[in-house]
Amino acid sequence: MNVYKACGVLLFFTFLLPIVKSKDQLSSRACEDLGFTGLALCSDCNTLAEYVKDQELVSDCLKCCTEDSDDSISKITYSGAIIEVCMRKLVFYPEIVGFIEEEKGQFPTVKVQYLFNSPPKLIMLDDEGQHKETIRIDNWKREHVLQFLKEKVKPTSAI
């Protein structure tokens with residue numbers, strides 16, 4: 001009887017638990033709509049939790065992330081980024097304006113692009129200048145944008 005219970009428990013953890021976990025994962029489209037496409041690794045969600053004290057936001061992040069692989073020593077980094085925002089909507093985003101005016105100079109590979117009706121977002125670029133990830137930053141504070149770019153944008157690369 002104990003052998004059967006052990007087999008049942010083993011089957012649960014082997015087959016059913018991953019199915020339950022997968023229900024917690026959101027589709028890539030749903031994640032993009034929430035603004036989490038650039039936070040590919042779950043460790044990024046943990047970093048987000050340090051700066052943003054919104055449990056629901058962190059929970060959504062964790063539903064969109066990929067577990068950090070043991071064989072990847074470094075996190076994903078990018079060669080540059082574009083801050084895309086609607087110039088007319090900038091008045092609603094003083095933190096983004098503050099970053100653009102006072103902090104952006106620290107990042108020569110980060111450009112600002114004004115696009116009509118676009119919410120504030122970071123478009124992360126690869127070595128060829130191609131768009132790799134898009135991250136909505138509507139509610140980010142200036143220091144969060146600064147910290148994120150310090151961690152994610154290679155400091156000496158040029159686009």
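How many helices and strands are there in the protein chain?

Mentor: The protein chain has 6 helices and 4 strands. Helices (H or I, at least four residues) and strands (E, at least two) are DSSP runs, numbered from the N terminus. This is a predicted model, in which local features need pLDDT of at least 70 and side-chain atom pairs count only at pLDDT 80 or more, while totals for chains, interfaces and linings use all residues. Residues are numbered from 1 along each chain as its sequence is written, and side-chain values use heavy atoms, with hydrogens and water left out.

Along the sequence, the elements follow the pattern α-α-α-α-β-α-β-β-β-α.

The 4 strands form an open sheet in the order 2-1-3-4, with mixed pairing; two strands pair if DSSP finds at least two bridges between them. Strand 2 (110-114) and strand 4 (131-136) are the edge strands, each pairing on one side only. On average, neighbouring strands of this sheet are turned by 25° against each other, direction ignored. Here axes are lines fitted to C-alpha atoms, for helices over the stretch in contact, and angles run from 0 to 180 degrees between N-to-C directions.

Strand 1 (residues 80-85) and strand 2 run parallel and are joined by 5 bridges.

Helix 6 (residues 142-152) lies across strand 1, strand 2, strand 3 (121-125) and strand 4, and runs at about 10° to strand 3. Contact means heavy atoms within 4.5 Å. Helix 6 is also packed against by the buried residues of helix 3 (residues 42-51), as is helix 4 (55-64). Those buried residues are C42, S43, D44, C45, T47 and L48.

The loop between strand 4 and helix 6 holds D138. D138 counts as buried because its relative accessible area is 18%, and buried means under 20%, exposed over 50% and partly exposed in between (1.4 Å probe, protein chains only). Leaving aside neighbours within four places in sequence, D138 is in contact with Y93, P119 and P120. The side chains of D138 and R136 are joined by a polar contact of 2.9 Å. A polar contact is a pair of N or O atoms within 3.5 Å; within protein, one must be able to donate a hydrogen and the other to accept it, and residues adjacent in sequence count only if both atoms are side-chain atoms.

For the protein chain as a whole, buried residues make up 38% of the 159 residues.
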